[in-house]
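Dear colleague,

I am handing over the structure below, followed by notes on what was found in it. Please read the notes with the model open beside them.

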Amino acid sequence: MESLFTSTNLLPDIDLNASGTSMELYRPIRDSDGQIIDFQLLMLNAPALELWGRPQGELIGQLLRQLVVEADAFYLVRQFSLVVDYGRAVRFDMDSPQKGLACELQVTKVDDGVLVSYQDVDNRRPHARLEATVLAQSERSILHQDTIYQQVVDNTQAGLLLARPIRNEQAEIIDFQYILTNEYNARTTGRSVAEMTGALVGDLFPGWQHSDLFRHYVEAVETQQPKRIVFFYEQYGMKGWFDGSFTCVDGCILYTYTDVTAYKEAELEQQQNVALLEQVMNMTPAAIVLNQSIRDESGEIIDLRMMKLNQMAADILQNPIEKIQFRRVSRYIAGSIETPLFEQCRQVIKTGVPIRMEVPWAGRWYDFSVVRFGDGVVLAAQDITPTHQYREELELTNIELKRSNENLQSFAFVASHDLQEPLRKIISFSDMLATQYADQFNAEPTDIVRRINTSAIRMRLLIHDLLAYSQVQTRQDSFKSVNIASLIQELQEHELWETIYQRKAEIHVGELPLVMADQSQMRQLFQNLLSNAIKFCAGDIIPVVSISSRLVDRADIPLGLMASATSVKTKSSTTRFAEISIADNGIGFDMKYLDRIFQVFQRLHGRSEFTGSGIGLAICHKIVERHGGTITASSQPGKGSTFRVYLPLGRS
């Protein structure tokens with residue numbers, strides 16, 4: 001026993017057996033956080049051993065909770081802890097451990113432990129002994145109730161404390177002293193129950209007298225009126241929202257609270273979202289109205305009530321929001337429930353299927369979107385009057401354009417029949433003059449006849465090409481899969497055979513794609529391009545033309561080229577294109593004339609140098625545009641040209 005006692009460094013110079021009083025030495029047992037949870041018996045003297053009535057081996061080293069009943073152990077641990085934490089001796093009466101005798105216990109701090117001495121109350125006068133016995137029984141009963149109460153307090157999911165006001169000489173409250181608290185409050189404040197019990201609030205939280213919390217304590221005690229508030233607190237390492245109740249109990253403050261930070265932050269976030277929604281609603285150019293259904297006894301929707309609306313809606317309805325909100329639609333807008341829009345709203349509420357419709361109202365046009373919301377609908381309306389007017393103007397323009405196209409077709413018919421018939425006679429008669437009557441004219445009339453014949457032939461070519469140009473857009477849809485390689489092979493064998501033979505031209509054809517296109521227009525496109533590649537080559541050089549292709553994305557096409565593609569058949573969703581390149585070794589051209597070469601009647605060379613109408617490349621450009629593609633070229637004078645045709649691989 002002495003070795004155990006000596007190892008604790010408690011009372012090394014005191015002999016417990018030298019006293020005739022029952023004495024025991026205990027050391028505190030702490031948890032991982034340093035909180036006292038029990039006491040261990042280290043030493044006791046002979047009188048104490050006799051009082052226990054048990055062998056020493058069953059006592060030394062045991063915990064209080066192993067030595068006495070739970071209620072007594074709880075009370076003793078609490079009293080011993082106060083002595084250890086605050087160094088103040090305590091004295092109280094209690095039954096002896098085994099014999100049922102009332103004893104007076106005095107507990108004194110010794111280093112980090114406590115020395116407990118017992119005095120048998122039998123040595124006091126008889127009535128005192130009786131009083132002590134009754135008092136001990138009473139305290140035992142109170143202790144049992146206190147144990148239950150403390151367990152309830154510690155297990156409640158709310159902070160709780162009872163504090164006594166401390167007053168100065170002027171009776172002003174200057175601080176509060178904790179009487180009791182619970183584990184919830186201890187965790188929240190970062191303290192322990194033992195540390196707080198009996199301590200002044202100001203000692204644990206210096207300067208707290210300047211806080212709103214102190215003011216609430218004082219008001220509750222002085223006015224004795226209960227008070228409940230939700231407040232934000234950020235001090236002493238605590239930060240959050242708390243729902244607190246302040247009540248005066250027997251002159252003390254009873255403060256209970258719960259941490260409502262999560263709920264408050266959610267509420268604040270909701271308020272922010274509401275404010276944001278309000279801003280968005282008022283910033284949008286659309287009028288927005290939330291309508292709630294009004295039903296009759298049978299459940300049928302007979303009206304709508306405008307529960308919420310934005311400023312744009314109020315402006316359209318020509319009244320402040322507060323004068324419109326919560327009003328029935330039928331009473332605010334006469335005849336509204338007889339309109340198709342009201343019926344559409346009823347259907348949306350029933351089916352949940354949103355709708356969108358254009359509605360004329362008050363001399364303007366609005367685009368309405370209707371979506372079900374609860375037992376009502378959200379109406380969003382945007383003024384589309386300018387768009388509607390533009391659409392009407394566009395329709396009129398389209399009608400005029402259709403009429404113009406019809407006139408163009410009439411012109412084409414006239415050009416192909418009525419105009420060409422006189423030309424054929426002029427050419428025929430000039431040929432007769434030049435051949436059958438040539439010997440009757442001298443040189444000057446002969447030259448005039450030749451000039452007439454040449455001009456008539458050129459005019460016939462111009463009419464033919466102009467007719468071809470005008471018919472590009474007016475052709476009916478005849479798109480089908482076209483093999484470009486086969487088409488070019490046919491051109492070499494037929495339409496271009498004579499030109500290729502005369503110039504001894506070389507045509508090199510690589511792998512070419514299949515495209516969805518108008519076959520006759522593809523034939524005309526590549527005939528014009530190949531014909532130009534051979535024609536615009538110096539006379540002493542053999543023309544060499546190379547045709548190749550590759551697949552490209554829309555993004556790979558040079559910027560700005562696709563802006564002019566007008567085909568509604570291909571431009572909407574096509575992303576993959578065939579780039580077909582026709583490269584030659586001809587005379588080339590200056591790139592500053594790039595835009596000019598695709599215009600009607602634009603020529604870079606005189607007719608004496610190269611024949612043609614000046615419409616061929618314009619026809620190519622128009623054909624490619626009709627197919628939803630584009631065409632461009634790159635060149636240098638004297639170094640040949642490369643024409644690149646971009647055709648979509650599919651149609652939307």
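Is Glu 222 buried, partly exposed or exposed? Glu 222 is partly exposed, with a relative accessible area of 44%, where buried means under 20% relative accessible area, exposed means over 50%, and partly exposed lies in between (1.4 Å probe, protein chains only).

Before going further, please note that this is a predicted model, in which local features need pLDDT of at least 70 and side-chain atom pairs count only at pLDDT 80 or more, while totals for chains, interfaces and linings use all residues. Residues are numbered from 1 along each chain as its sequence is written, and side-chain values use heavy atoms, with hydrogens and water left out.

Overall picture

The chain holds 20 helices and 22 strands; these are DSSP runs numbered from the N terminus, with helices (H or I) of at least four residues and strands (E) of at least two. Of the 652 residues in the chain, 39% are buried. The chain exposes about 36400 Å², of which carbon and sulfur atoms supply 52%, the accessible areas coming from the Shrake-Rupley method with a 1.4 Å probe and, for residues, only the protein chains shown counting as cover. Among contacts (heavy atoms within 4.5 Å) with a separation of 6 or more, 58% are between residues 24 or more positions apart.

Nonpolar cores

A nonpolar core is taken here as a set of buried Ala, Val, Leu, Ile, Met, Phe, Trp, Tyr and Cys residues joined through side-chain atoms within 4.5 Å. The largest one has 39 residues, and those that touch the most other members are Ile 484, Met 522, Leu 525, Phe 526, Leu 529, Ile 547 and Ile 582. Several elements each supply at least two residues of this core, including helix H17 (484-493), strand E18 (514-518), helix H19 (519-535), strand E19 (544-553) and strand E20 (576-584). Helix H19 gives the largest share, seven residues. Leaving aside residues up to four places away in sequence, Ile 484 touches Leu 512, Pro 513, Val 515, Met 522, Phe 526 and Ile 580. Apart from this core lies another, of 29 residues, with Ile 36, Ala 48, Val 83 and Val 114 among them.

Salt bridges

The structure holds 26 salt bridges, each being a side-chain nitrogen of Lys or Arg within 4 Å of a carboxyl oxygen of Asp or Glu. In one of them, the side chains of Arg 167 and Glu 222 meet at 3.3 Å, N to O. This pair links distant parts of the chain, with Arg 167 in strand E6 (residues 159-167) and Glu 222 in helix H9 (residues 212-223), 55 residues apart. Arg 167 has 38% relative accessibility and therefore counts as partly exposed.

In another, the side chains of Asp 375 and Arg 295 meet at 2.6 Å, N to O. Here too distant parts of the chain are linked, since Asp 375 is in the loop between strand E14 (364-372) and strand E15 (376-383) whereas Arg 295 is in strand E11 (residues 287-295), 80 residues apart. Asp 375 is partly exposed at 35% relative accessibility, and Arg 295 is partly exposed at 39%. Salt bridges that share partners also join Asp 212, Arg 215, Glu 219 and Lys 227 into one network.

Surface patch, cysteines and backbone

Phe 429, Met 432, Leu 433, Tyr 437 and Phe 441 form a nonpolar patch on the surface, with about 430 Å² of accessible area together. Patches are made of residues with over 30% relative accessible area and no salt bridge, like charges being joined within 9 Å and nonpolar side chains (Val, Leu, Ile, Met, Phe, Trp, Tyr) within 5 Å. Phe 441 is found in the loop between helix H15 (385-436) and helix H16 (443-470).

A search of the whole structure finds zero disulfides, a disulfide being a pair of cysteine sulfur atoms within 2.5 Å. For Cys 248, the nearest cysteine sulfur is that of Cys 252, 7.5 Å away.

Finally, Tyr 236 is a residue other than glycine with a positive phi, near 55 degrees, and lies in the loop between strand E8 (227-235) and strand E9 (238-249). Lys 504, also not a glycine, has a positive phi of about 55 degrees and counts as exposed, at 63% relative accessibility.

With best regards
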